[in-house]
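User: I would like a close look at one part of this model. Please keep to what can be computed from the coordinates, and connect the details as you go.

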Amino acid sequence: MGYSIEVMQRARARLAAAKADRESENRQHLDEAYARVPRLREIDRQLRLTMAMAAQAVFSSGGDVNEALEEAKRQNLSLQREREALVRMYFEEGYLDDSPICDRCGGSGYVGASMCECLAELCRQEQKKELTFLNVGRENFDQFRLDYYPDRIDPKLGVNIRSVMEKTYQTCRKYAYGFTERSGNLLFSGDTGLGKTFLSACIARTVADRGYSVVYESAGHLFSKLERAKFSADEQAREESKKYNDCDLLIVDDLGTEMPGQFTTAALYSLVNDRLLAGKAMIVSTNLTVDDLSRRYSPQIASRLRGSFTRVAFLGDDIRVKKNWGM
């Protein structure tokens, strides 16, 4: 999963802190046990000695190596039995277990070159925190209400508005719950206040809950961050901007509300083109038509959005007005 640098850093820091806490707790328990039952300290010292004896026997050139190994083994087993008896007698079960924070990776976060599930879970949690911070993450598909959309024919398009929005809802839900890194791209288009941001947020939350990395940005914030990364000396800004190409799903909300300009057009073309070439999924929501996009940005951008994105239509009356008036 292509998690952002910030998400990875926070997840690794949490894992390192948890590992340190577990190790500190294990040491504290052992010190308390030694103070309470001094014989345990002596047993542990003798166990280390028997291990050293066994190692010395292996590398020794004289004497009976097998006999020395067997003697070390007998002493070791006897000491272990005594230790176990003392632990059972004086301490509750598990008090002196020195197990690591994760049995698979030992707390490193990786098994070979693969990310361990313990670190992956922390990445998922940090990803969801990031979405919540952006006011994305509380929305869910069960909150979507079709009754906000009129059950009538749109006079311009000649289609039933509620039927279209039911199809839109099902398309978004299917996309979210069946998401893979090759799920393709969606273009949400329609007037203001018809649920584009809400369903984008529902997709973001669901896809993130399923373990994929999601970056959700309004168009204004996105281009501001890309501009700072390109033209400032802020190395951190440049590193953070990589998440827009690396994440599994990039959602750009309200395209067309940002300040227009040559940089915005060039950055949008580069971002869309790079993600298309990499086969990475993207969702763009906008109030603009494809013709509007062509005039505002460029015919090349409009062509990519038309040809490589599945258009998802949003019809109806402004839901925000209905909510404000209690309709």
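This is a predicted model: local features need pLDDT of at least 70, side-chain atom pairs count only at pLDDT 80 or more; totals for chains, interfaces and linings use all residues.

In what sense do β3 and β7 pair, and over how many bridges?

Analyst: β3 and β7 pair in the parallel sense, over 6 bridges. Within this pairing, Gly190 stands opposite Phe314 of β7.

β3 covers residues 185–190 and is also joined to β6, residues 281–286. Here 4 bridges are found, and the two strands again run parallel. Two positions show how the strands are set against each other: Leu186 is opposite Ile283 in β6, and Leu187 has Val284 of β6 as its bridge partner.

These pairings belong to an open sheet of 5 strands with parallel pairing, in the order β4-β5-β6-β3-β7. β4 (214–218) and β7 (309–314) are the edge strands; each has a single partner strand, so one side of each lacks a neighbour in the sheet. On average, neighbouring strands of this sheet are turned by 15° against each other, direction ignored. As a general point, strands of a sheet pair through backbone hydrogen bonds, in either a parallel or an antiparallel arrangement.

Because 6 of the 6 residues of β3 are buried, the strand is largely enclosed by the rest of the structure.

Thr286 is in β6, and with a relative accessible area of 0% it counts as buried, the cut-off being under 20%. Leaving aside neighbours within four places in sequence, Thr286 is in contact with Leu187, Phe188, Ser189 and Gly190, and also with Lys196, Leu255 and Leu293. A polar atom of the Thr286 side chain lies 3.0 Å from the backbone nitrogen of Leu288.

A helix packs on the sheet here. α5, residues 161–177, lies across β3, β5 (249–255), β6 and β7. The angle between α5 and β7 is about 135°.

α5 in turn has a helical neighbour, α6, which spans residues 196–209. The axes of α5 and α6 come within 8 Å and cross at roughly 20°. Angles under 35 degrees count as roughly parallel, and α5 and α6 are therefore roughly parallel to each other. Their crossing is right-handed. On the α5 side, the contact involves Thr168, Tyr169, Cys172, Tyr175, Ala176 and Tyr177. These meet Leu199, Ile203, Thr206 and Val207 in α6.

Arg205 also has its place in α6. At 29% relative accessibility, Arg205 is partly exposed, whereas the residues of β3 are buried. The C-alpha atom of Arg205 is separated by 9.8 Å from that of Phe141, and the two residues are 64 apart along the chain.

Key:
Residues are numbered from 1 along each chain as its sequence is written. Side-chain values use heavy atoms; hydrogens and water are left out. Two strands pair if DSSP finds at least two bridges between them. Axes are lines fitted to C-alpha atoms, for helices over the stretch in contact, and angles run from 0 to 180 degrees between N-to-C directions. Contact means heavy atoms within 4.5 Å. Buried means under 20% relative accessible area, exposed over 50%, partly exposed in between (1.4 Å probe, protein chains only). A polar contact is a pair of N or O atoms within 3.5 Å; within protein, one must be able to donate a hydrogen and the other to accept it, and residues adjacent in sequence count only if both atoms are side-chain atoms. Angles under 35 degrees count as roughly parallel, over 145 as roughly antiparallel, 65 to 115 as roughly perpendicular and the rest as oblique. A crossing is left-handed if the near helix is turned anticlockwise from the far one by less than a right angle, and right-handed if clockwise.
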